Amino acid sequence: LKPGGSSDPSNDSALQNAKANASASPAAHWITGFRGRGSATEGRNLYLVNPAAGQSVWVARADPYVRPPVSTNGNQVLFVRVRQVAHFPGARWTLFLFNRPRRSSGTLVSWNAMGLSPLGWIDGHSYYSVARETETGLYYFASGKSHYVSFLFTEPFGSPSLSPNGRYIAY
């Protein structure tokens, strides 16, 4: 897989690797996959792959332990990076939005937290959860800022998933 470009369609091993570590868009045209080595803080190379067309686009280095959801049209991916910090809880999480047509990423939010999980989109807004010291909260990003929706649990809890229709959150 070549950063910023298309993969060689004959390179089946690259596509198979991406399929093995995949997070598919509901339309299943584009999936995400990680390649290479790296820890949560170092990140691994994240790719957006269309297996049927034999195409791939390098997204960024991202935390391979947090599922990056893909928009239904395959044009956007939410992903996170984490780095160690000296103060409690010891981690700084950053949520990014990748735009495939523009081939660029932008920062949405950053939190000092125990975890941050991108969930996907509801009515065009990016939803995510943040696990903090005393609760796990649900947020969305719109109009250039983060909006609190509700707490999900009264304790830190990670790795929720949003149903394809955006009606349910599962843990």
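Colleague: Among contacts in the chain between residues at least 6 apart in sequence, what share joins residues at least 24 apart?

Modeller: Contact means heavy atoms within 4.5 Å. Among the contacts in this chain between residues at least 6 apart in sequence, 34% join residues at least 24 apart. Before going on: this is a predicted model, in which local features need pLDDT of at least 70 and side-chain atom pairs count only at pLDDT 80 or more, while totals for chains, interfaces and linings use all residues. Residues are numbered from 1 along each chain as its sequence is written, and side-chain values use heavy atoms, with hydrogens and water left out.

Colleague: Which secondary structure does the chain have?

Modeller: Helices (H or I, at least four residues) and strands (E, at least two) are DSSP runs, numbered from the N terminus. Here they come to one helix and 13 strands. Along the sequence the pattern is α-β-β-β-β-β-β-β-β-β-β-β-β-β.

Colleague: How do strand 5 and strand 6 pair, in the parallel or the antiparallel sense?

Modeller: Two strands pair if DSSP finds at least two bridges between them. Strand 5 and strand 6 are antiparallel, over nine bridges. Arg83 stands opposite Arg92 in strand 6. The two strands form a hairpin with six residues between them, and Gly90 in the turn has a positive phi of about 95 degrees. In the loop between strand 5 and strand 6 lies Pro89, and the peptide bond from Phe88 to Pro89 is cis, with omega near 5 degrees.

Colleague: Which residues other than glycine have a positive phi?

Modeller: Arg103 is one of them, with phi near 55 degrees. Arg103 sits in the loop between strand 6 and strand 7. Ser143 has a positive phi of about 55 degrees as well, and belongs to the loop between strand 10 and strand 11 (145-153).

Colleague: Is each of these two residues buried or exposed?

Modeller: Buried means under 20% relative accessible area, exposed over 50%, and partly exposed in between (1.4 Å probe, protein chains only). Arg103 is partly exposed because its relative accessible area is 42%. Ser143, at 75%, is exposed. For the chain, buried residues make up 45% of the 171 residues.

Colleague: Which residues touch the most other members in the largest nonpolar core?

Modeller: A nonpolar core is a set of buried Ala, Val, Leu, Ile, Met, Phe, Trp, Tyr and Cys residues joined through side-chain atoms within 4.5 Å. Of the 17 residues in the largest one, Trp93, Leu95, Val109, Trp111, Leu116, Tyr128 and Val130 touch the most other members. At least two residues of this core come from each of strand 5 (76-84), strand 6, strand 7 (104-112), strand 8 (115-122), strand 9 (125-131) and strand 10 (136-142). A second, separate core has 13 residues, including Trp30, Phe34, Val59 and Ala60.

Colleague: How many aromatic pairs does the whole structure hold?

Modeller: Rings of Phe, Tyr and Trp (its six-membered ring) pair if their centres lie within 6.5 Å; planes under 30 degrees apart count as stacked, over 60 as edge-to-face and the rest as tilted. A search finds five pairs. Phe79 and Phe96 are stacked, 5.1 Å centre to centre and with 10 degrees between the planes. This pair links Phe79 in strand 5 to Phe96 in strand 6, 17 residues apart. Both Phe79 and Phe96 are buried. Tyr139 and Tyr148 are edge-to-face, with 5.3 Å between centres and 65 degrees between planes. Tyr139 is buried at 5% relative accessible area, whereas Tyr148 is partly exposed at 46%. Together with Trp111 and Tyr128, Tyr139 and Tyr148 form one aromatic cluster.

Colleague: Which backbone nitrogen does the side chain of Asn99 reach?

Modeller: A polar contact is a pair of N or O atoms within 3.5 Å; within protein, one must be able to donate a hydrogen and the other to accept it, and residues adjacent in sequence count only if both atoms are side-chain atoms. The side chain of Asn99 reaches the backbone nitrogen of Arg102 at 2.9 Å. Asn99 is in strand 6 (residues 91-99) and counts as buried because its relative accessibility is 18%. Not counting residues up to four places away in sequence, Asn99 touches Asn75 and Ser104.

Colleague: Where does Ser71 lie?

Modeller: Ser71 is in the loop between strand 4 (55-62) and strand 5. With a relative accessible area of 7%, Ser71 is buried. Its side chain makes a polar contact of 2.7 Å with the side chain of Asn73, and reaches the backbone nitrogen of Asn75 at 3.2 Å.
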